[in-house]
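Here are a few notes to read alongside the model. Keep the 3D view open and follow along.

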Amino acid sequence: MNKNLLIKQIADRLAKRKEEVQPIVESFLDCVTESLQKNETVTIRGFGTFRIRRQTARPVRNVKTGEPCILVPRNSVKFVVGSELFDKINEK
């Protein structure tokens with residue numbers, strides 16, 4: 001699923017136009033992004049938690065040349081699934 005499909009499905013469920021739903025979805029994503037940029041944890045109860053994970057510098061090898069180099073430190077996002085979502089995707 002991509003963002004456009006998500007907007008369409010929400011609009012269909014709420015009997016709204018896509019043009020009405022799009023700013024809401026984009027605002028939600030902006031809020032999550034801004035919080036993560038501030039190094040804040042974003043928890044949506046029952047769904048999951050987004051948090052920043054700092055990756056340290058580490059030695060890697062260039063795939064094309066085989067030359068060793070150092071991967072610079074960077075941030076990534078880690079998602080931990082919430083219990084309700086975990087239960088729903090594992091229902092039998």
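Which residue in the turn of the β3 and β4 hairpin has a positive phi?

1. That would be glycine 66, with a phi of about 80°. Six residues sit between β3 and β4 in this hairpin. Strands here are DSSP E runs of at least two residues, helices are H or I runs of at least four, and both are numbered from the N terminus.

2. A quick word on the ground rules: this is a predicted model, where local features need pLDDT of at least 70, side-chain atom pairs count only at pLDDT 80 or more, and totals for chains, interfaces and linings use all residues. Residues are numbered from 1 along each chain as its sequence is written, and side-chain values use heavy atoms, leaving out hydrogens and water.

3. Back to the strands: β3 (residues 58-61) and β4 (residues 68-71) run antiparallel and are joined by four bridges (pairing takes at least two DSSP bridges). Look for arginine 58, which faces leucine 71 in β4.

4. Now for the cysteines. The disulfide count is zero (a disulfide needs two cysteine sulfur atoms within 2.5 Å). Cysteine 31 is partly exposed at 47% relative accessible area, and cysteine 69 is partly exposed too, at 37% (buried is under 20%, exposed over 50%, partly exposed in between, using a 1.4 Å probe and protein chains only).
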